Amino acid sequence: MMVNDLRINGARLVTRLEKLGAIGALEGGGVSRLALTADEKRGRDHLVSEMKALGLEVSIDPIGNIFGTRKGRTDGPVVMLGSHIDTVATGGLYDGALGVLAGLEVVATLNDAGIETEHTVVVAAFTNEEGARFQPDMLGSVVFAGDMSLEEALDIVSIDGKRLGDELAAIGYAGKDAGPKDIAAYFELHIEQGPVLEDEGLQIGVVRGVQGICWTEITIAGRSAHAGTTPIRLRRDAGLAAARIAAGVGDLVREIGGEMVGTVGAINLAPNLVNVVAEKAVITVDLRHPDAETLARARASLASLVSDVALKEDVEITARTLADFPPTDFAPALVDCVEQTALGLGLSTRRMFSGAGHDAQIIASLAPAAMVFVPSVNGISHNVTEFTAPADLENGANVLLQAALHKAMPTNGENA
């Protein structure tokens, strides 16, 4: 059989997604598998079982990343396909899971055809990509890439007050293996999580890179006071200061324009009472842009805004960085490979940047990396109604298969 003629089994891929999606399923749809919870352990156990059923050699590293290895004819750099299976609290079936399960479908397709690749193929599931329970996001791939020490990661405390190392051990995924660092190519298939492909009627997003992401937590210390008896001029109102910062974020984003985006995602006040001036506020600011200099300008504008608000409202403000990922450009040769593969399959394409963070941007510091996007219906993600049509799932998985084969079998010849 010519490997160029290989295609994945779309119905089998959908079944894989549905089976994993049943673990941590929410009433009314969607799924919740926060990192290192009991439900995510069940998801991990299911994934490991699926890997072993395909004949993959399973290994787990000390931060809990899972690797399923299909040996090639020769030793040397591997071709890695990966993503994650943890979700946000009200997630969908496709974010992250598609990249991992499509990787399994690639392996199943090779097994069915009896094809031995030149290079080893590895399917990876990285720990805590979402950052919904432990911060920062992409934590498993960050440790894997050496950008954070294992010790620092294990000491991170979750939003529910649990130490990461303890939770990892409790679910039985504190491994001792070393994942493969000699990587010839890393491919990640993912839903777009945005509306562009659907809006333009296109089938495949060829991802050029991932925009830079900066998360900042801002804590405002004011003074509690009676809402009816304390004149405005004598207040140190943490709530009002938070509101000024939130509005200012919108202003600075509009002033920079272009692809700049900024979000105030959380505002918490204390004592949080209708008739009491807030003595404390904690807010988060998410800034993103594909250009490093522009993102740096936005961060400087935020710092200036915070300083001005502190002075104007007579409050004390401290800030700490929760996540700081520079813009990432993917390997041009792999980006071209994805594009040519999709076009060769008769699929329409668009080159684009990812607005969301992904493990691929972290792996890109170690090895050539690229991503494949498929459309999200109504652009919805991180939502129980998240959906990608089966035909689009199949298209993306076939691009993943053929791109992986291009690197795993460089001659792309005929195999009995």
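**A walk through a predicted model**

Leu-36 is buried, since its relative accessible area is 2%, where buried means under 20% relative accessible area, exposed over 50% and partly exposed in between, with a 1.4 Å probe and protein chains only. The structure is a predicted model, in which local features need pLDDT of at least 70 and side-chain atom pairs count only at pLDDT 80 or more, while totals for chains, interfaces and linings use all residues. Residues are numbered from 1 along each chain as its sequence is written, and side-chain values use heavy atoms, with hydrogens and water left out.

Leu-36 sits in the loop between α1 (10-21) and α2 (38-53); helices (H or I, at least four residues) and strands (E, at least two) are DSSP runs, numbered from the N terminus. The backbone of Leu-36 has a phi near 65°, a positive value in a residue other than glycine. Asn-378 also has a positive phi, near 60°, and is likewise a residue other than glycine. Asn-378 belongs to the loop between β15 (369-374) and α12, and with a relative accessible area of 56% Asn-378 is exposed. As background, most residues other than glycine have a negative phi, and most peptide bonds are trans.

Two peptide bonds can be considered next. The bond that joins Gln-135 and Pro-136 is cis, with omega about 15°, and Pro-136 is placed in the loop between β4 (121-125) and α4 (139-144). A cis peptide bond also runs from Ala-270 to Pro-271, where omega is near 5°, and Pro-271 lies in the loop between β9 (261-270) and β10 (276-277).

How do the helices pack? Two packed helices are described by the angle between their axes and the distance between the axes. Helix α3 (residues 97-113) packs with helix α12 (residues 390-408) at an angle of about 60°, and their axes are 9 Å apart; here axes are lines fitted to C-alpha atoms, for helices over the stretch in contact, and angles run from 0 to 180 degrees between N-to-C directions. The two helices α3 and α12 are therefore oblique to each other, given that angles under 35 degrees count as roughly parallel, over 145 as roughly antiparallel, 65 to 115 as roughly perpendicular and the rest as oblique. On the side of α3 the contact is made by Leu-98, Ala-102, Gly-103, Val-106, Thr-109 and Leu-110, and on the side of α12 by Leu-393, Ala-397, Leu-400, Leu-401 and Leu-405, contact meaning heavy atoms within 4.5 Å. The residues of this contact of α3 with α12 comprise nine nonpolar, two polar and no charged, where Ala, Val, Leu, Ile, Met, Phe, Trp, Tyr, Cys and Pro count as nonpolar, Asp, Glu, Lys and Arg as charged, and the others, Gly among them, as polar.

Helix α12 also packs with helix α10 (residues 332-344), at an angle of about 125° and with the axes 9 Å apart, which makes α10 oblique to α12. Here Leu-334, Cys-337, Val-338, Thr-341 and Ala-342 of α10 meet Val-399, Gln-402, Ala-403, His-406 and Lys-407 of α12. Sorted by class, the contact of α10 with α12 has six nonpolar, three polar and one charged residues.

Some single residues complete the picture. Ile-218, in strand β7 (residues 212-221), counts as buried at 0% relative accessibility. Leaving aside neighbours within four places in sequence, Ile-218 is in contact with residues including Ile-245, Val-282, Leu-302 and Ile-317. The C-alpha atoms of Ile-218 and Thr-321 are separated by 8.9 Å, although the two residues are 103 residues apart along the chain. Ser-354, in strand β14 (residues 349-354), counts as buried at 1% relative accessibility, and, not counting residues up to four places away in sequence, Ser-354 touches Val-207, Gly-209, Val-210, Gln-211 and Phe-373.

Gly-43 in helix α2 is buried at 0% relative accessibility; apart from residues up to four places away in sequence, Gly-43 touches Leu-20, Ile-23, Arg-33 and Ile-85. Finally, Thr-294 in helix α9 (residues 292-313) counts as buried at 14% relative accessibility. The side chains of Thr-294 and Asp-291 are joined by a polar contact of 2.8 Å, a polar contact being a pair of N or O atoms within 3.5 Å, of which, within protein, one must be able to donate a hydrogen and the other to accept it, and residues adjacent in sequence count only if both atoms are side-chain atoms.
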